[in-house]
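Please look at the sequence and the model first; the text then goes through the parts one by one.

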Amino acid sequence: MAYEITVLTTMAISILFALSLNVITGFCGQVSLGHAAFYGIGAYTAALLTKSGIPLALALLPAAAAAGAVGFVVGMASLRVRDDFLAITTMGVAFLFVGFVRKQEMLGGEIGISGIPSVAFGRPGLLALSLLCTALFVLLTVHIRRSWMGFAFDSVADDEDTARILGIDVPRFKLWAFVIGTAGAGVAGGLYAHHIRFIGPDSFGFLESITALVMVIVGGIGSIWGVALVAAILSVLPLFLQFVDDYKLLLYGVLVFATVRYAPGGVAGLARTLAMRIRR
């Protein structure tokens, strides 16, 4: 039973992490290659707070706030750049975060933070908290999708100039996307830290950002259920197939190439096409 709980917890955290990037990249069309930095900010914040005696359920709030605040700053700095330049800017944030953590003794430096306390009720309690946070974020993204904010995000993603003509405050909605997405990543990072119970600079490197981006692309950019499905599969696949973990980058490259070449809409797009054919 303990193994199944570990697998489900891993899936829930990965889904939350991928969906948080989906808000920025999938909903608002802002390519981010540094999402792992906000994942790490949430992890370090939650770990330090719980080691000082604060329960994880309460520590997740400051973790989300810290990641969201840094996301706001990065979003402000990124308002004047688009596309490739935005991707490069966010990638620089990821490298800056790792470099900063390595030099901070209070954050464990190169060694990292170990001995992160377990949550109340142990592994089952962490699973319940992870499922709750993921479910709440899914509901939030569904609500955004169906609201005026979702329409504004779609407009910004399609064509920023046209969105401005329609009267949409493009900078404001870009910032909202960054704050919501990075805050979600912060919560996922806090859960991850207490799931692994050890974190270090290498836990939030460039590969983690690429992993989240692959989940979004293969699942279907902007699709909630597609991204969640692919995130769940890719997060637990290495647990069952060892070679997947050994050749992770190769697998991600093949998946992205196949998706872009043969199924630009990802898993969600393939499902819609299949459903249309069945109706006909």
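Helix H6 (residues 148-158) packs against H8 at an angle of about 105°, and the two axes lie 10 Å apart. That makes H6 roughly perpendicular to H8, because an angle of 65 to 115 degrees counts as such. The model is a predicted one. On the H6 side, the residues that meet H8 are Trp148, Met149, Ala152, Phe153 and Val156. Their partners in H8 are Val170, Phe173, Lys174, Trp176, Ala177 and Ile180.

H8 has 27 residues, and from its first C-alpha to its last it reaches 39 Å, close to the 39 Å expected at 1.5 Å a residue. Of these 27 residues, 22 are buried, so H8 is largely enclosed by the rest of the structure.

Helix H5 (residues 122-146) also packs against H8, here at an angle of about 170° and with the axes 10 Å apart. H5 and H8 are therefore roughly antiparallel to each other, since angles over 145 degrees count as roughly antiparallel. In general, two packed helices are described by the angle between their axes and the distance between the axes. From H5, the residues Arg123, Leu126, Leu129, Ser130, Cys133, Phe137, Leu140 and Ile144 take part in the meeting with H8. H8 contributes Ile180, Gly184, Val187, Leu191, His194 and His195.

Is Lys174 buried or exposed? Its relative accessibility is 4%, so Lys174 counts as buried, because buried means under 20% relative accessible area. Lys174 sits in helix H8, which covers residues 170-196. Its side chain is joined to that of Glu160 by a polar contact of 2.9 Å. Apart from neighbours within four places in sequence, Lys174 is in contact with Cys28, Gln30, Leu79, Val81, Val156 and Glu160.

**After the end of H8**

H8 is followed by Arg197, which has a positive phi, near 70°. Arg197 is not a glycine. Most residues other than glycine have a negative phi. Arg197 lies in the loop between H8 and E2.

Further on, Ser203 is placed in the loop between strand E2 (198-199) and H9. Leaving out its neighbours within four places in sequence, Ser203 is in contact with Tyr192 and Glu208.

Phe206 is found in helix H9. Once residues up to four places away in sequence are set aside, Phe206 touches Leu33, Met91 and Phe95. The C-alpha atoms of Phe206 and Ser52 are 29 Å apart, and the two residues are separated by 154 residues along the chain.

Val260 is found in helix H12.

| Residue | Relative accessibility | Class |
|---|---|---|
| Ser203 | 15% | buried |
| Phe206 | 30% | partly exposed |
| Arg197 | 37% | partly exposed |
| Val260 | 54% | exposed |

Helix H13 (residues 266-279) has 14 residues and reaches 20 Å from its first C-alpha to its last, close to the 20 Å expected at 1.5 Å a residue. Which residues of H13 are buried? They are Gly266, Ala268 and Gly269. These cover an arc of only 130° around the axis, which puts them on the same side of H13. What covers them includes helix H9 (206-219), helix H10 (224-240) and helix H12 (248-262). The face of H13 turned away from the buried side carries the exposed residues Leu270, Leu274, Arg277 and Ile278.

Helix H3 (residues 56-77) has 22 residues and reaches 31 Å from first C-alpha to last, close to the 32 Å expected at 1.5 Å a residue. The buried residues of H3 are Leu56, Ala59, Leu60, Ala63, Ala64, Ala67, Gly68, Gly71, Val74 and Gly75.

Technical notes. Residues are numbered from 1 along each chain as its sequence is written. This is a predicted model: local features need pLDDT of at least 70, side-chain atom pairs count only at pLDDT 80 or more; totals for chains, interfaces and linings use all residues. Side-chain values use heavy atoms; hydrogens and water are left out. Helices (H or I, at least four residues) and strands (E, at least two) are DSSP runs, numbered from the N terminus. Buried means under 20% relative accessible area, exposed over 50%, partly exposed in between (1.4 Å probe, protein chains only). A polar contact is a pair of N or O atoms within 3.5 Å; within protein, one must be able to donate a hydrogen and the other to accept it, and residues adjacent in sequence count only if both atoms are side-chain atoms. Contact means heavy atoms within 4.5 Å. The expected span of a helix is 1.5 Å times one less than its number of residues. The arc is that of the directions from the helix axis to the C-beta atoms. Axes are lines fitted to C-alpha atoms, for helices over the stretch in contact, and angles run from 0 to 180 degrees between N-to-C directions. Angles under 35 degrees count as roughly parallel, over 145 as roughly antiparallel, 65 to 115 as roughly perpendicular and the rest as oblique.
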